[in-house]
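Here is a briefing for a reader new to this structure. Look over the sequence and the model before reading on.

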Amino acid sequence: MATVTVRRRRPGRLVAEILCCVIAALVAVPLYWMVLSAIKPAGEIQSTNPRPWTFAPTLDSFRRVLELNGFGQYFLNSTIVAVCVVGLSMLVSFLSAVALTRFRFRGRTVLLVMLLVAQMIPVEALTIPLFFMVQSFGDTAPAFGLNQLAPLILVDLVFSLPFAIWMLRGFVAAVPAELEEAAALDGASR
């Protein structure tokens, strides 16, 4: 005869599940309200008694934004900056991570500590000095002046590199050195 085991739920687990559901609802409500506000007509948004639903969803808000003067150029600029920063960051940070992981050289530990320290500097603390620096560069090299994409790409790249190098360093360290040795035996270069 087979025995049937009955699992009883612990009361602490039930409380934890209820607490998780409450926290999930608290996180979901602002997201729901944001999407609702995006599809509500303007009259319902400006109403004195807001309702958590709409019977007349509309895409007028999106249409208004897309019709703004220069929105396409702003979007294109953001796309160019993002693609350039991600591409350059991947290339430079991977090569830096390989150098910091695979090679032994003087000052390696100092560089690693400097990467950690660079991540601790808030971007806001450097905004005004960077503005004046880019402004002075613009006097000598107009391509690196204000209202150009090159300085924005450079600044974003510099701020993303310490984190990217640190993260890729762990990835490169996880790749066995024997793979490189096997590739070298097969005739691959560094």
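The charged end of Arg 169 lies over the ring of Trp 166, 5.2 Å from its centre; a charge sits over a ring if NZ of Lys or CZ of Arg is within 6 Å of the ring centre and within 35 degrees of the ring normal. This is a predicted model, in which local features need pLDDT of at least 70 and side-chain atom pairs count only at pLDDT 80 or more, while totals for chains, interfaces and linings use all residues. Residues are numbered from 1 along each chain as its sequence is written, and side-chain values use heavy atoms, with hydrogens and water left out.

**Annotated regions**
- An unreviewed UniProt entry gives the annotation "transmembrane region" to residues 12–33, 74–98, 110–137 and 149–168; positions are in the numbering used here, feature names are shortened, and annotations may be inferred rather than shown by experiment.
- Residues 110–137 are 93% helix and 0% strand, with end C-alpha atoms 30 Å apart.
- Residues 149–168 are 100% helix and 0% strand, and their end C-alpha atoms lie 27 Å apart.

**Helix H7**
- Helix H7 spans residues 149–174; helices (H or I, at least four residues) are DSSP runs, numbered from the N terminus.
- From first C-alpha to last, the 26 residues of H7 reach 36 Å, close to the 38 Å expected (1.5 Å times one less than the number of residues).
- H7 bends by about 35 degrees at Leu 161, and Pro 162 follows within four residues; the bend is the angle between axes fitted to the seven residues ending there and the seven starting there.
- Among the buried residues of H7 are Pro 151, Leu 161 and Pro 162 (buried means under 20% relative accessible area, exposed over 50%, partly exposed in between, with a 1.4 Å probe and protein chains only).
- The cover over the buried residues of H7 includes helices H4 (71–102), H5 (108–120) and H6 (123–140).

**Val 134**
- Val 134 is in helix H6 and is buried, at 12% relative accessibility.
- Leaving aside neighbours within four places in sequence, Val 134 is in contact (heavy atoms within 4.5 Å) with Phe 144, Gly 145, Leu 146 and Pro 151.
- Val 134 and Leu 152 are 18 residues apart in sequence and 9.3 Å apart in space, C-alpha to C-alpha.

**Aromatic pairs**
- The count is 3 aromatic pairs, with ring centres of Phe, Tyr and Trp (its six-membered ring) within 6.5 Å; planes under 30 degrees apart count as stacked, over 60 as edge-to-face and the rest as tilted.
- Phe 131 and Phe 132 form an edge-to-face pair because their planes are at 70 degrees, with ring centres 5.5 Å apart.
- Phe 131 is partly exposed at 40% relative accessibility, and Phe 132 is exposed at 51%.

Notes. Helices (H or I, at least four residues) and strands (E, at least two) are DSSP runs, numbered from the N terminus.
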